[in-house]
Every structure is written in C-alpha cells, then in structure tokens.
Amino acid sequence: MSSNHHPLPETLVSYASGTLSNALSCVVACHLSMCSDCADDVRQLELVGGLMLEGLETIPADTILAERAATHWAAQHLPGEPEPDSLPKISDPLLPVPLVRYLGTEVAQLRWKMVVKGVQQCWITLPEGSGEMRLLRLVPGQLLFKHANSGDMGLALVLQGVCRDHAGDYLRGDVIEWEEDSPRQPRASGDVECICLIASDEIPVTFARPDQAPRRLRRRRYLPELRVREIWDRKLALTTSIAVIAGIGLGWLFWGEAEDNPFEQDELVQTENNHLVARGILQNGLDILPSGKQMFAFSKGSEFRLAVKMTFQSQAGDYCRQYYCRENKIADASSELYSGIACRTGDQWAVKIQALIPPFRTAAEQVIPAGEGEDPAMDAVLASLISGDPLVGQDEAAVMNNGWKK
Amino acid sequence: MGDQLKKITVERDAGAFRFLFLTFYPKVKAMLIRQGTDKDAAEEITQDTLLAVWRKSHQFSGDRGNVSAWIYAIARNLRIDRIRRQLVSQRVREEFETIERIRDSAQEPVSWEQRQGEIQRALGRLPQEQLQVLQLSFIDGLTQSEIAARLAVPLGTVKSRMRLAFKKLRFATEREI
C-alpha cells in the first residue's frame with residue numbers, strides 16, 4: 001500500500017533522526033503506517049543513523065562503565081520474558097494507529113467545534129513545545145488552510161475524502177506539506193466530507209472560505225480579518241453618530257472634499273494623465289488605514305465605508321493595497337460595494353483595478369466580503385502584482401510611517 | 001552482529017547480549033551526550049536502549065533492518081520519549097511490522113545487510129557539506145533550523161543538502177527516485 005503525495009525528503013530525514021516536533025512526527029508516523037515506500041525510506045535512513053552510530057568514537061571510561069553495567073545485568077539475571085505488544089484496543093478504520101495512541105478514542109466519540117460553517121476541528125492535546133495538531137472536517141469546497149506567514153513548516157494528512165490543489169488530488173494517506181516558499185491552498189473536493197490531520201510548528205493556520213459558497217455562509221463573524229474591526233468600530237461609533245446627524249441634509253464631507261460629480265465611484269477615484277488615482281476617502285484610507293480596519297466618510301447623502309484587506313509589495317517593489325469600499329445611500333437605503341487594488345506611485349495611489357461587486361454577495365453592513373477570490377479579474381491582477389507575503393502588523397506600520405516609500 | 005541478535009532472540013543467550021552491550025553502550029551514550037542529554041540521563045537511556053534489545057529482540061528480524069539501525073532507532077525514541085513525552089516514536093517499529101504484513105508478497109525481499117553496504121559506500125561519496133548535515137541531524141540531534149544556525153547558512157540550504165543526500169542514498173540502493 002502506498003500513497004501519491006509524500007513528505008519531502010528532508011522531512012523524512014528529520015523524522016528518522018528524531019528531530020521533528022511531536023505534532024509533525026505524528027503526521028509522518030501516520031503516513032508511514034499507510035505508505036510502505038516512505039516506511040522503506042525511513043528504514044533506510046535509520047541505516048544511516050546506525051552506521052553513524054557505529055562510527056562514533058568512544059571514550060575508554062565508557063567502555064569500563066559498559067563492562068560494569070554488563071556484569072551487573074548478568075548478575076541480576078536479565079529479564080527473561082519478552083514484553084508483549086501493547087497495541088491499543090481501539091480499532092477505528094479511519095485512524096492510523098499512531099493517531100489512535102494520541103486520541104485514545106474513535107472519531108465518532110470526538111468532540112468537534114465549528115471553526116467556520118462547513119469546517120469543524122478537534123484539537124489534539126500535546127505536551128508544551130510539541131507543535132500544534134488538530135483534526136479537521138471539511139465539507140466539499142472548503143479550504144483546508146491558507147499559507148501562513150511564517151518560515152516554518154506544516155503537514156496535513158488526508159484521512160477521508162479528497163483534497164485538491166494545483167499539484168493534484170490528495171486521497172487517504174496523502175501528505176500535503178507547506179513551507180515558506182510554496183504557499184498552497186488545498187480545498188476539500190469530491191462528494192464526501194474530508195477529514196484531515198493537520199500539524200504545524202506553533203503556526204496559526206488561517207482558514208479561508210470557498211469562492212462559491214452560498215450567501216448564508218458569508219457572514220461577518222466568520223471573517224478573522226474583521227476581528228480587529230470591532231475595536232475600530234467602537235472607537236468611531238460616537239464620531240459616526242454625530243456625523244450621521246450632522247451630515248444628512250447638509251451634504252458635507254467627513255473625509256475628502258465635496259464634488260458635484262454624479263458618479264459615486266468618482267468619490268473614490270479620478271483620472272490624472274490618463275491614469276486612475278485614488279482620491280477622497282480612498283486616498284486617505286490607503287494612506288493611514290491598517291489592514292483589517294475600516295473608516296467612514298459621508299459625502300452627498302451617502303455613507304462610505306472603506307476597509308483595507310491586505311498590503312503587499314509588487315514585483316516592482318511598489319507597495320500595493322487591496323481595498324473594499326461600500327457606499328450606503330441614505331435616501332433609498334441602497335448599497336453598493338466596490339473592491340480594488342491600488343499601488344503607491346510617488347505621492348499618489350494608482351488604481352490598478354476597481355470593480356463593483358454584485359450586491360447579493362454581501363450584507364449592507366459588511367465591507368470586506370467573506371471568502372477569497374470574489375472576482376476572477378481581481379484575483380488575476382492580484383496574482384500578477386504580488387511578490388512575497390502580505391505585510392502585516394509592525395511591518396505594515398513601519399512602511400506606512402515611512403510614507404509608503406520604496 | 002545479526003548472529004548475536006539471533007542468539008539473543010532464539011537462545012536467550014546472555015553472552016551474546018553482553019557482546020552487543022559492550023559494543024554499543026559507549027557509542028549510544030556518546031551519541032546521547034552529543035545530543036545534549038546530561039550524563040546521568042544518557043547512562044539511563046543507554047541501559048534502557050540495550051535492555052530493550054534484550055526484551056524486544058523477538059520483534060527484530062534481519063530482513064527488516066540492521067542491528068545498529070535498530071539500536072539507533074530505539075535510542076532515538078527513548079530519548080525523544082524522555083525529553084518530549086512523545087507517544088508516537090516508540091511505536092513506529094510496531095507500525096512497520098504492520099506494514100510488513102500488508103506488503104505485497106510478490107515483492108522481492110530486501111536485503112538490509114546488502115543495503116547497508118551500499119549506503120555505507122554512498123555516505124563515503126557524499127560531498128562533505130551533505131554528510132555534515134546528516135551527521136548534525138542523526139548524531140547531534142539538531143533540527144533543520146538549528147543546523148542552519150550552527151552552519152550559518154539559510155534554512156533552505158540545509159533542506160536542499162538533506163534532499164540531495166537523501167536522493168543520492170536512495171540512488172545508491174538502486175531504487176526509483
């Protein structure tokens with residue numbers, strides 16, 4: 001019995017030398033129990049360990065100690081009966097034996113907790129410093145994980161169902177390995193629920209949601225990016241209330257300047273030298289808004305909510321930001337959502353793409369839509385621009401404080 | 001040494017066990033100390049390792065590996081159990097036993113003694129930097145990141161050296177890469 005997707009060779013080397021964390025070791029051990037090829041490789045690598053052990057130089061004092069110990073054992077009589085095997089009694093066809101040892105129970109007895117709709121997880125307790133390990137159940141279409149912004153590694157083992165990414169299909173026993181330079185986004189596929197064992201060296205794995213999820217799945221509470229927004233919302237709540245009262249009927253601007261242009265999008269962008277550049281709230285927001293937070297502005301009886309989803313560097317080294325902006329028209333309670341990508345060029349934000357997102361996708365109060373890949377064109381522009389990992393936290397703040405200079 | 005183990009397994013020969021004990025005790029202890037285990041713990045783990053050879057010799061047979069590799073694996077697992085309270089490693093051998101049973105019976109049996117000779121020759125041909133990362137991993141017990149720090153090279157370099165070494169060793173035993 002063998003698999004189609006295996007741990008990387010260096011992972012097997014580290015496993016054979018006993019230098020992987022508990023969590024990663026467990027995933028590899030489970031894979032070995034289902035893959036005779038890799039088990040063979042590990043045995044062969046243990047030959048390397050044995051040969052190196054044989055070749056070790058020893059000190060005479062240890063040879064003397066060995067003599068004493070051997071004499072001691074001879075005098076004490078060596079334990080006569082070999083120990084019987086103590087394999088666990090639990091027999092769950094879904095679980096590889098090494099995992100049973102950790103779980104101590106069958107899958108049916110596990111207590112699952114929902115991560116997002118369609119994704120449940122069960123944490124597996126490990127000693128401190130052992131890495132993280134959990135079981136995941138995903139309905140078809142859900143992402144197993146998004147690449148984490150870390151140089152460390154992680155492993156996932158498919159126990160049931162099918163996962164799929166650009167490298168192909170992963171079936172039971174197959175391993176998905178990720179590392180710094182190979183971001184992967186495997187997704188549950190096929191007709192049945194996918195169950196995976198996933199382990200990493202203390203890296204939080206970010207879950208994402210599918211491109212084509214039903215609308216009922218797209219709810220704000222599933223968005224990790226927006227957790228920070230709640231704090232921002234509270235800070236702005238008072239200001240916003242005052243602005244709403246004062247703004248209606250007066251048509252004054254909270255951010256930016258009032259214009260007579262009837263097209264709402266022109267509140268966000270304008271053409272200069274045949275190029276679209278950000279203006280008003282968009283310009284301000286791109287300048288000062290950290291990723292994941294949002295700001296408000298009022299103009300001509302509309303409320304504009306801007307949120308920056310991500311900051312990244314383009315292949316040319318420019319700093320770019322993906323944003324969403326919702327316009328809520330107070331008069332008729334209608335709402336429109338735009339998304340776009342703008343890159344810093346000199347003192348301006350050059351808008352590379354901006355598109356209207358169909359209204360059925362998101363609720364009126366929501367700025368950043370749930371899930372990835374809202375628009376294939378947006379994804380294409382993003383893919384053509386992005387270089388490396390997104391900037392987050394202090395890295396983003398440092399660039400922002402430096403005026404977005406390259 | 002396989003013969004000594006057979007004597008232990010079949011005849012429960014204490015003399016054969018003494019031979020293995022004297023051969024491997026200083027080496028296992030030296031390896032554990034290089035891996036950062038303190039002296040007392042190293043002695044304890046070494047004795048436990050060799051007693052496990054006595055107790056579990058029935059689990060070993062020559063067509064599943066080599067004596068020194070087996071002892072290496074037992075010492076590795078006991079050390080991991082000690083420092084990380086790991087539950088998996090100590091049972092990996094048993095998992096392999098399971099695999100052996102499901103292995104296609106039509107497959108050619110592997111001669112591990114022969115393979116060990118091939119591996120030994122291949123190790124001798126490895127570039128120094130590849131051999132070095134294997135030694136730091138297998139004998140010094142360093143993680144990939146620790147090796148990178150020790151050698152002051154990027155992590156990716158350590159990985160690629162390990163990968164190349166692995167492929168050369170695999171090639172040496174004339175199996176598909």
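Two strands pair if DSSP finds at least two bridges between them; strand 5 (residues 162–165) of chain A is joined to strand 6 of chain A over three bridges in the antiparallel sense. Opposite A:D169 in strand 6 of chain A stands A:R164.

The model is predicted: local features need pLDDT of at least 70, side-chain atom pairs count only at pLDDT 80 or more, and totals for chains, interfaces and linings use all residues. Residues are numbered from 1 along each chain as its sequence is written, while chains are lettered from A and ligands numbered from 1 in the order in which they are written.

In chain B, the axes (lines fitted to C-alpha atoms over the stretch in contact, with angles from 0 to 180 degrees between N-to-C directions) of helix 6 (residues 112–125) and helix 9 (residues 155–172) come within 9 Å and cross at roughly 135°. Helix 6 of chain B is therefore oblique to helix 9 of chain B, oblique being the class left after angles under 35 degrees (roughly parallel), over 145 (roughly antiparallel) and 65 to 115 (roughly perpendicular). Helices are DSSP runs of H or I with at least four residues. B:E118, B:I119, B:R121 and B:A122 in helix 6 of chain B meet B:K168, B:L169 and B:A172 in helix 9 of chain B, contact requiring C-beta atoms, placed from the backbone, within 7 Å.

How values were computed. Helix = DSSP H or I, 4+ residues; strand = E, 2+ residues; numbered from the N terminus. Contact = placed C-beta atoms within 7 Å.
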